[in-house]
Amino acid sequence: MSDGSGEGRRSARAFTPDFLTELFRNPLDPGYADAAAQRAKTGRPARPGWSVGPVGLAVIVLLGFLCAVAYRQTMAEEPGRAQARSGLVAQIKQRQDETDVLSARADELRAEVNRQREAALGGSQAARLRDLEASTGLGRVRGDGVVVRLADAPKGQDVISGANVGPPQVLYLDLQAVANDLWSVGAEAIAINGQRLTATSTIRNAGEAILVDFRPVTGPYEVSAIGPGSMRERFDTSNSALTMRKVAQNTGISFDVRDADDLTLPAAPEPRLRYAEPAVSPSLSPSAEVEPSGSGTSPSPSGGG
Amino acid sequence: MIAVLALLAGVALGLWLDPTVPAALQPYLPIAVVAALDAVFGGVRAKLDRIFDDKQFVVSFISNVLVAALIVYLGDQLGVGGQLSTGVVVVLGVRIFGNVAAIRRHLFRA
């Protein structure tokens, strides 16, 4: 800052390559020492006690002001973040509602199409079509069967003593195993929490949530299956039932199987059809061109979402 | 004593006026506060070393705040804003710690 007397010390304080060491050793602004030396030279007395000059006072006021403003600013940003979050949540809710409305409309239209088709087709062919739709999951079905109920362990019940984990939860693998065993003991139609399973259905997890056909399902999970009367006993001795009973005993997850009469399982959303396309450009065979109609080529969201 | 009163007056002023910070200046505010704190602790230590100087205090305060803001601004322009402000906070933090250690030695002889 000031020069004159500082020449001798300045060489000692020269910028060394070991900048960090210097920083740690001597954190005070060297200007203070310079100013003190200057004062000693001119004989001007230092300010006594804790008094500060008017400019220093102004700076201290400014400092308090700065701190207060920064504090206010940080506090003011907090609700903004919360607002953004709740806005996003509201948007998600709204989109979900829209999806529900649209899929209800799709179901309505599909029922209409079915009616028209049955009117147009002859009796035996229509019956065959209905059977096929029922077995592939594209049609609503009704009948007797079983309901397997799985639920997470209640919160606050510390079953695994000492371990600092949340309550034991039903995994997507459990739902997969139950669904697969139900198929293998003769189930003709299965739905998880009202989501009908088809040959292409997926049961996966994304983080904490379980997705059935990319739609989240939440506990308690009810796997409803329609099938022959012997299904209940055969399922009770299946691998997944035995495993889940054991798991339920050990962890507090609830698992039970009951007979249910007159179950109604909804239709699965229309599957998106996929077409094979020629890998090379069809310059040789113009007949191989893909027809533009059909949902496979268009990226429009079909009932799956 | 007067200094503490002045500080309280500044805080009261800030809370009472409640000025809105322009959006362009908002990223620099926290860094500016840290830089100001560095200047203040330097001043307190100088006071205890009996080498306090008004001019030096004022100049270091203002230059600290401006340089810190400038570095963050440059970092933003170069695309390393976050890292550079971390660096500024580390350096200022080291200086604050050093000065506070010196103040502690003065006050408690420990």
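Trainee: Where is the place of A:P271 in chain A?

Mentor: A:P271 lies in the segment after β8 (254–265) of chain A; strands are DSSP runs of E, at least two residues, and helices are runs of H or I, at least four residues, numbered from the N terminus. This is a predicted model, in which local features need pLDDT of at least 70, side-chain atom pairs count only at pLDDT 80 or more, and totals for chains, interfaces and linings use all residues. Residues are numbered from 1 along each chain as its sequence is written, and chains are lettered from A and ligands numbered from 1 in the order in which they are written.

Trainee: Why is A:P271 called partly exposed?

Mentor: A residue is buried with 20 or more other C-beta atoms within 10 Å of its own, exposed with 12 or fewer, and partly exposed in between, the C-beta atoms being placed from the backbone. A:P271 has 18, so A:P271 is partly exposed.

Trainee: How do you know that the span of helix α1 of chain B agrees with its residue count?

Mentor: The expected span is 1.5 Å times one less than the number of residues. For the 16 residues of α1 (residues 2–17) that gives 22 Å, and the end C-alpha atoms are 22 Å apart, so the two agree.

Trainee: Which residues of α1(B) are buried, and what puts them on the same side?

Mentor: B:A3, B:A6, B:G10 and B:G14 are buried. They cover an arc of only 75 degrees around the axis, which puts them on the same side of α1(B); the arc is that of the directions from the helix axis to the C-beta atoms. The face turned away from the buried side carries exposed B:V4 and B:W16.
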